[in-house]
Amino acid sequence: MMKKMVSNLKDKKFTKLSKKEIVLISLYQSGGNKKRVHTEEVSHRAFQINRDLFSWKLKKFKNFPDITQAYKTLTHLSEEKKVFGTKNEDPNKDGWILTDQGLSFCKNDLAEFIDIKKNKSNPQQHEKSYLISIKQSKFYKEWNSNNEKKLNERTIYDVADILKVLTSNTPRLIEKFYETKTFANELNENVHDFLKYIEEKHNDLFNEERRKEALNKSKKLLKKVL
Amino acid sequence: MIITNTGKPLISKDMKVAKRVYRQLSDESMSSLWEAIIEFVTNVDDSYERLSLIKKEKKWFGKCLFEYFPGGKKNSTVLAIKDQAEGMSYETLEKCFGNYGEKQSGTASRGIAGRGAKDAASIGDVSVISIKDGFFSQIKIDHLTRKFQVFHQKVKAKSSHYRMIGVKNGKNGTAIQLEISAEKSGYHLRTSDLIKKIPLHYALSEILHHEKKTISLKLKSKNDDSILSYYEPEGELIDEKSFYVNKYKEKFGEDSKVIFKLFKSKLPLDSGEGDKRFRQWGVSIIGKKAVHEKSLLDSTYDIAPEGKYYFGYLKSNLITRLLNDYDENQSKNKSATKENPHAIIDLKRVDGLKRDHPAVEELFRIPKEIIKKCILEDRNSAENKNIENENTKETLDELAKECAKLMDDLYEEDDTDIEGIQIDQNQWRFIPPKQNLHVGKRKFIYAYTRKENLSSNLDTAYIEVSKGSEDCVIIHSKKVKYKESKKKKNLIFFKFEIEGTEPKKDISINVFQKEGQIRTSLKINVLAEENRNFQNELEFEKDIYNIKANKVKKLKIFAKVPEVVTNKMSNEELTAKVFNVDTNHLKTIGQCKFSICGPNYAIGYLQVEGRTLSANNEITIQLNGKRASTFINVLNKDEEDDEEDKSKFNFQILPNKYGKSRYQWDPNNPNSLEIAGEHDQLRRYLGKKENGYPGQETSCFKSLLAEIITEAMIQKRMTLNSRYDPSTYVGLVDKSNIEDTIMNFMFKVDEEKSIFLEKIHKILLKDSILNDEIRKFSKILN
C-alpha cells in the first residue's frame, strides 16, 4: 500500500511545489488537521513527496530523509501562523498541528494535492458519529433555535459534557475542542459555527495561547500544575 | 397536715454544712487552674476598688505581680499573686478564708458568691500572707484536709515580710500562693498559655483592657516578664440600644437600665480553641463591674457560623442589684421573691447568667432580636456563596492540604535523571553525586538505594554536613522516610532539603541510617549569592504578610548596595526607622538593622507581633532617606499563617448542579474542586438553606463527602498522569481483550483510591466521633 501511495506522490504536479507547500501537505495528510503530528512523521512524508528537497545533500545519502529541512520549514510556517507546535527530544512534547489559517490554505490553495486515498486526514466514521451526537445535544438545539435564556445558563461544564472530556484535564478539554472544531470545519458547517460560538463565549479558555500551552505534555509541567 | 409545729422551738440553730458538701461545691467551682487565677486577680481588683472608695475616688488603678513557676511530672507548680492594695488583718483573713459562703467582697461591686479564692484549695495548698497597718499574718488552707491553719497572727511586720509581699516598708499588701502537687494532672499550664490566654478570659477583659485597665498585671516567669493586656477586636458598630427592664424599674430605678452595643469584625473571630471562656466573639455581659459571661445570648446563635463575626457588650447594674437583693433576702431568712427567685448568675461561675431567671429573659430580649436579625441577614446575603460553614471550610482546607501532599509523588523526583543508573546490593547513591547550590537558595537532594539495602527495621535516614562546613549548609529535613521511585520501580529514594548559607567548595553531605555509619556522600559546592533584581531600592520581601495573633514574625527587607547601604555606614545609619505602626493591632520588637549579605544587597529583619485581628495594617520603614511599605493582616490561629502554607488545592461546596456529576474541577482554575451542593444526592443530606444547610455537620454527610473528594482526587490524579506521564498506565490496555482492559483499569482505580480514601475519611470523621456514634448503637449488656 505504501508503495502505491509513494508512487502517487511522484506525480509531476508535486515537483512544482515549494518546501512550505510540501510540508503543509505532509502535515495535512498525516492527520495534522485533527491532532498533533510528530516532526519525524512530517519529515518522512515530505521526503516521500520530494526527495531532492528533503533528503541529505550528498548523493550517497540521498536515500535518507533530512529532518532539519522539514523542521526549518515548520518553524517558518509557525511564524506565519499556519501551524502550531514544537520539536523536542521528548516525544510527549514534540508535535505540529494545522491552525485554522493553515487548514484553509490547504483546503483552498492546495486542494488538488491533499486529497489522496488512505489519507490520515480523512474523516473517520466515529468522527462523523461524534458530530451527529453534538447536533443531537440539547445545548446545540438551544443554540440552533437561538434560545438565549437557556444559552445563558450553559456553562463550561456543559461544553466539557458534549466534548466528553473530564474537567480535571483542562489541556485535554482545549485540545479536544480544537480537534472537534477542525473536523467540524470539514464535515459540518453548522456544528463548526456552533463551536465558533462556544469559542467566543469561553475565549478565556479557548484561544491560541491556551491551545499552544496545551501542546506541551512535558512531565515537568506536573510540578507546575499541582 | 399530719405534723403540727406549735409553740417556741426548744433549740434553734444554723444547720451545719458537712465538709463533703463544701468539698463538692469547691471542686465544682474550680474545674481548672483558670478559675483560681480569675479569683485571685479579681480579688486584687476588688481590693484596689475598695481603697479608691475610701479615698472617694471614682477610678482606681493598681499593680499586681503574677509569679509562675511551672512544674509537671515531678515538681509542684507554684503560682503567686502579689498586690499593694489594702492588705488584710488577721481577722479579715480568718473571715475570708476560715468561713465558707460568707459574703466577702465588702464594698466592692463584684459578686456575692462568698466563695472564690479559698476554693482554690481544691486544687492545691493555698497560702496567704498579708500586711495591714504594720502587722503581718500568715495562713494556709491545706489541700488534703481543707483545714484553716494559722502560722503568724498579727506579728509586727519585719523588712523580710515586706520583701516577701513585694511592698515598701510601711505599706499594705497581700500575697496569695497556690501550690499544685505534681500528681494533680491537668492543672500544670504552660507559661506561654497563661500569657496568651489570661487577657482573653472574659472575666478579666475589662480589668485588663489596654485602655481602661484597672490593674497592671505583670506576669513574671523563669524566662520572661510580660504585662498582660486585653486588646478587643477591630469592628464596626452595628447597633446600639439603651432600654429599661420595666418590670424591675420601680424597685431598682436607674439600675434597671441596659446598655447594649454590637460590633461586627471584618474577619471571623477566634473561638478560643472551643473553650468559651477565651472566645473573642460574643457579647460580654457586665454587671456593675464583673463580667459574667461572653456569648451571643442564645446557644443557637453561639453555634451559628455567622455569629463568629460579632462582639460587644451588654451592661446593666440590674444584674448586681438582683444578686445583692437575693443575697440580702437569704441572709435575713426571707423567702425569695417571684421576680428574683434565685441567684441570677451561676454561683459556681461556670455558666454565667441563668436563663431561667425572669430578669434574664427581659435583659436579653431586645439584644437577642438584634443579634438574630444580623445572623439571618448575613445568612441570606450569602445567597450565591458557598454552602460550607466555618467548620466544614476548616475541614475542607485541611483536606486540600493533605491531598496536595498525597499528589507529591507525581513530580517529586522530577529534578533527577536516573535513566540508565544501576544500583547494586549494599549500594547507596546521590544522583547526581556532585551538585552546586547558591547561598540563600534551597534545593532538594535525592539519595537512592534498594529496599533490601536498608538497615533492618529502619525505614528512615538523615543527613549531616561534614565537620568544618556546618555553617555553609542548613539542613531543612530531619529524619525522612523512603519513598518508592516512580522512575525506576526497583529503587527507593530519600529526599532531603538543604539551603546554602556560606560559599565553600567540596562540602560533603553524608547520609546515615544509624549513627557512625555513612551510607553515601554528596559533594556540594556552595556558590556566592546571585545579584538581586530590585523593583525598588528598599523593599520588603513580600507585599502582604499574614501573622497569627500573639505570634511574632520576622519580615525580611532588602536594601540595594551601594545605593541605600554601603560598608561605610555607622551602626546607627544601618538601623531603619519604623513608622505607621498601629500599636493596637501590631507591635514591633527590637530594631531593624541592615547588614550586607549579597553582592548587591543588604538584609534587615523587622520583628512584628500580631496583637488583634485586623486587616491591611500598613508598616513603613525608612533607611538612608529611602522608604518602603508593606501590609500585614493579623489572622486567627486557625486561619492560614501564610501563603506558603496554603494548599495548592481548593475545595468548596457550591449551590450548583452539574448534571449527573457530583463535582467538577474548574477548568479556569484547575486545582479548584467545586462540589455540587444542588446535586440531588447531596441536597438530600445537606438540609435546608434557610437553616444554614445543617446536614453538613452530620456524620452521614461527611462520609458521603469523603467518597466524593476521593473520587475527584482519583480523577485528577489519573487524568494528570495519563497526560504528562502516560508510562504510568502502560499495560492497562489490551486491544485484543476489552474485558481485561476494563479489569486492569478497575484494579488501577482501586489502587489509586487506596492513596486517598483512609486519610480523607479520617480527617472528615475523627475516630473519637465515630467511636461515640458506634457506641450509641452497640448492644453491649452490662
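Me: Which residue in S21(B) is the bridge partner of Tyr448(B)?

Reply: That is Phe493(B). Keep in mind that this is a predicted model.

Me: How many bridges join S16(B) to strand S21 of chain B, and how do the two run?

Reply: There are nine bridges between them, and the strands run antiparallel. S21 covers residues 491-500 of chain B.

Me: What holds paired strands together in general?

Reply: Strands of a sheet pair through backbone hydrogen bonds, in either a parallel or an antiparallel way.

Me: Still chain B. In what order do the five strands of the open sheet come?

Reply: The order is S9-S10-S13-S11-S12, with mixed pairing.

Me: Which strands stand at the edges?

Reply: Strand S9 (236-244) and strand S12 (291-295) of chain B. Each has a single partner strand, so one side of each has no neighbour in the sheet.

Me: By how many degrees are neighbouring strands turned against each other?

Reply: On average 15 degrees, ignoring direction.

Me: What about S10 and S13 of chain B, parallel or antiparallel?

Reply: Antiparallel, with six bridges joining S10 (residues 257-264) to S13 (residues 310-315). One pairing there is Lys261(B) with Tyr313(B).

Me: Switching to chain A. How many helices and strands does it have?

Reply: It has 15 helices and two strands. Of its 226 residues, 34% count as buried.

Me: What share of the contacts in chain A with a separation of 6 or more comes from residues 24 or more positions apart?

Reply: They account for 59% of those contacts.

Me: At what angle do the axes of H3 and H5 of chain A cross?

Reply: At roughly 105 degrees, with the axes coming within 9 Å. H3 is residues 39-49 and H5 is residues 67-79. The two helices are therefore roughly perpendicular to each other.

Me: Which residues make that contact?

Reply: From H3(A), they are Thr39(A), Glu40(A), Val42(A), Ser43(A) and Ala46(A). From H5(A), they are Ile67(A), Ala70(A), Tyr71(A) and Leu74(A).

Me: How many of them are nonpolar, polar and charged?

Reply: Six are nonpolar, two polar and one charged.

Terms used:
Residues numbered from 1 in each chain as written. Chains lettered and ligands numbered in written order. Predicted model: local features only at pLDDT ≥ 70, side-chain atom pairs only at ≥ 80, totals over all residues. Axes fitted to C-alpha atoms, helices over the stretch in contact; angles between N-to-C directions. Helix = DSSP H or I, 4+ residues; strand = E, 2+ residues; numbered from the N terminus. Parallel < 35°, antiparallel > 145°, perpendicular 65-115°, else oblique. Contact = placed C-beta atoms within 7 Å. Nonpolar A, V, L, I, M, F, W, Y, C, P; charged D, E, K, R; others polar. Buried ≥ 20, exposed ≤ 12 C-beta atoms within 10 Å, placed from the backbone. Pairing = 2+ DSSP bridges.
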